[in-house]
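The sequence and structure are shown first.

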Amino acid sequence: MKRLALRYGARWLLGLGLALLAGLQVAGVLHSDAVERMDAYFAGLRMRAEAPTLDPRIVIVDIDERSLAEVGRFPWSRDVMARLVQRLTTGYQAAAVGFDISFPEADTSSGYGVLQGLAQRELKGVPGLDAQLARLQPQLDYDGLLAAAMRGQPVVLGYNTSGGSPKGALPKPAFTTELLNGRRLDAFESSGYEANIARLQQAARGAGSFTVLPDSDGVVRTVPLLRKIGDGYYPALSLATAAVALQARAIAPVLDNTVDTLSHAERAYGGLESIALFTPEGMLSIPVGEGLSTTVQFRGKGGPQGGAFRYLPAADVLRGASAPQLLNGAIVLVGTTAPGLNDLRATPVSAVYPGVEIHANIIKSILDGSFKARPDFALAAELLQVLLAGLLLSIVLPLLAPFWTVALAAASAAAALGFNFWLYRAADAVLNVSAILLLILALFILNLAWGYFFEVRRGRALVSRFGEYVAPELVAEMAQDPEQYSMEGESRELTVMFVDVRGFTTISEGLPPRQLREYINLYLTAMSRDIRDSHRGTLDKYIGDAVMAFWGAPVPFADHASRGVATALLMQASAVRLDHGFRQRGWPPLNIGIGLNTGLMHVGDMGSEIRRAYTVMGDAVNLASRLEGITKVYGVGIALGQATREAAPDFVYRELDRVRVKGKNEPVAIFEPLAHAGQADATVLAQLERWHAALALLRDQHWDAAAAILLELGAADPSCQLYQLYMQRIEYYRLHPPGENWDGVTRFDSK
């Protein structure tokens, strides 16, 4: 035993130390955003692992793109919404109808107010006009039509509680602070809201907040079931709709009676057990967590194809074309999946999840009485797992050969994940699993790294050899197979980039030295991060305010041209962001030009005995530098050659010209990348088609036809320097015709 302690004691102590750190993290003594993000990832993974089954009790009436095309742009007039309510209630006999939309303004789209104004002014005194308007008033009072359609029906309106000033009429609260008898509930408070107009709210059976709060990473995981506004507690849309469907007579907190024996200060923060719906069948209890929130159990990937809930187009419901058996007795939520109506949310199961389906999932949990939540024993169970796994692996792993080390670590991780998923599915218990997985990983890495100490030293020698020449972010990959890489010169097809700041001499003269240093440091840092972090480019060098980079060496990429073009677009976006900040600080504006070219070039360790660098050389490199310089001529941010255009076809390009740069006899077509293919909108594509038509006409010397298109494009985008440049060329060619043998090539005699 003493011999084992001498040999493995240090590793045992380190392993137990890691287990202690993991235990402190689970207990909340230590805090880690990374662990929380990892737990959030596994929470989404658990949800995605459950196959959804269609729930016929809940139906979503979808204001989708087809409905918008048939009925018209949204918001629809209230007479249309009145017909929708009548269809769903008196027609299809829905158990409840919840609106994931609000009506905060009066509907004046009927034009009745205009007619009244005419009757009082221009048409005053016209015989019978007032009587005719009085007869028309009921059918042109769209708000009145909607209120009449809702009155006496199980309709629940939605409203927004995300802030701002109070607007509209709130429903009656579920309960007030008076009911709490001095207790204080941990609830989200809203000082402002945007509710529905009073006459609609008074006609509806109830209302609920449809506001959801994403976590810090922008993902929606929980929804407050109750919010505090003033002295009242108001239900969420899901809770209010479920209450109407279940004919609940009240929504109230369930409080721990033993808290009444405590002091006033102690009672102020305790005693809530759950939220209850008091239905004719009895009390239905709903567990809540921090902020009176519930963890949403997302089912499926969301949307009409998600499989969890049936979606019916609103246009079909309005026409009465939906099958009655699908809606009769169902809880109906009216919402939208149309992208333009901005009700798509990021969730653990999908980045574009319909907001209305979030409420549907909560209603399903209420109906089933099944809520995924952290049980009371969660902390104890997590601590026990961490301590047992830490003790076992800390002692056993150092004794094992590498193969068995991998096997035991993998088996331990699989067991932890399996137990976690079993509790989730069988007991609706949500336990965090990241701490134990990270502990297993840390213990595995500790023991594996200890055994391969000499290999690590060899890797460090490789880093020392290559780190002087190669971008640091690529060294780790090279270290995995050092024999594959060489600093010897070779010829290889690569993509090279040059970036330069426009008017940097003027900028440097207009800023004090310290501000100039900060200006250039912020610029170079942003550009370098875009090159290195986004698409793994090799940052070659800084040349004053200029940056040189390339893709495809030392680590080869088959798509090096696409990586270069994508990075150039990202850098232009970063420059716009930097420029906004610079202008706010009173600094000169930032504009950059980028030249890209793809071709055969020499790459390797080049230089003198005093200083060497891993860089690229060749005609293709020189052309990229020339293209960067002529971006200012065409008024564009990026210019690239024909070879890059052909090697990166997954982008939308605008041809700029055919040019013959200094030092090159053969002309080359140059292009400006506009966006990734599929991301350019229809307007841009239409303008691009017109531009290329104008360019073809100009090369055929049809000056008037080309000028007409350029004038049209210039009117749509007056700031485009490219259109102005070609108009000037047309004026020149009209006075100095280039002749029949003109090849349409522009010559540049300077660098």
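## The largest pocket

In this predicted model, the largest pocket holds about 1300 Å³ of space. Its lining is made up of 45 residues, and those nearest the centre of the pocket are Asp 215, Arg 221, Thr 222, Arg 374 and Asn 432. Sorted by class, the lining comprises 21 nonpolar, 12 polar and 12 charged residues.

Several elements contribute at least two residues each to this lining, namely helices H1 (2–27), H2 (33–49), H15 (378–396) and H17 (434–451), together with strands E7 (222–224) and E13 (293–295). Among these contributors H2 gives the most, supplying nine residues to the lining of the largest pocket.

## The second largest pocket

The second largest pocket has a volume of about 570 Å³. It is lined by 28 residues, of which Phe 74, Pro 75, Ile 101, Ser 102 and Pro 104 are the closest to its centre. Two or more residues of this lining come from each of helix H4 (78–91) and helix H14 (355–368), and the largest share, three residues, belongs to H14. By class, the lining of the second largest pocket divides into 12 nonpolar, 10 polar and six charged residues.

Rolling a probe the size of a water molecule over the atoms shows where empty space is left. A search of the whole structure returns one cavity of 30 Å³ or more, and the volume of the largest cavity is about 50 Å³. The residues that line this cavity are Asp 657, Leu 695, Leu 698, Arg 699, Tyr 726, Arg 729, Tyr 733, Trp 742, Gly 744 and Thr 746. Helix H25 (682–699) and helix H27 are the elements that give two or more residues to the lining of the largest cavity, which by class consists of five nonpolar, two polar and three charged residues.

Arg 729 sits in helix H27, which spans residues 721–735.

## The nonpolar cores

The largest nonpolar core has 42 residues, and the members that touch the most other members are Leu 88, Phe 99, Met 150, Leu 157 and Val 334. Elements that each supply at least two residues of this core include H4, strand E1 (58–62), strand E2 (96–99), helix H7 (142–150) and strand E15 (331–335). H4 gives the most to this core, with six residues, and H4 also supplies two or more residues to the lining of the second largest pocket.

Not counting residues up to four places away in sequence, Leu 88 touches Val 61, Gln 93, Ala 94, Val 97, Val 317, Leu 327, Val 332 and Val 334. A second, separate core has 39 residues, including Phe 504, Leu 511, Ala 526 and Ala 566.

## The chain as a whole

The protein chain contains 27 helices and 26 strands, and of its 751 residues 49% count as buried. Among contacts between residues at least 6 apart in sequence, 76% join residues at least 24 apart. The accessible surface of the protein chain comes to about 37000 Å², and 55% of that surface belongs to carbon and sulfur atoms.

How values were computed
Residues numbered from 1 in each chain as written. Predicted model: local features only at pLDDT ≥ 70, side-chain atom pairs only at ≥ 80, totals over all residues. Heavy atoms only, no water. Helix = DSSP H or I, 4+ residues; strand = E, 2+ residues; numbered from the N terminus. 1 Å grid on protein atoms, 1.4 Å probe; cavity = no way out; pocket = protein on both sides within 12 Å on 5 of 7 lines; lining within 4 Å. Points joined across faces, edges and corners; volume = space filled by probe spheres on them. Nonpolar A, V, L, I, M, F, W, Y, C, P; charged D, E, K, R; others polar. Buried < 20%, exposed > 50% of the residue type's maximum accessible area, 1.4 Å probe, protein only. Contact = heavy atoms within 4.5 Å. Areas by Shrake-Rupley, 256 points an atom, 1.4 Å probe, with all protein chains shown as cover. Core = buried A, V, L, I, M, F, W, Y, C linked by side-chain atoms within 4.5 Å.
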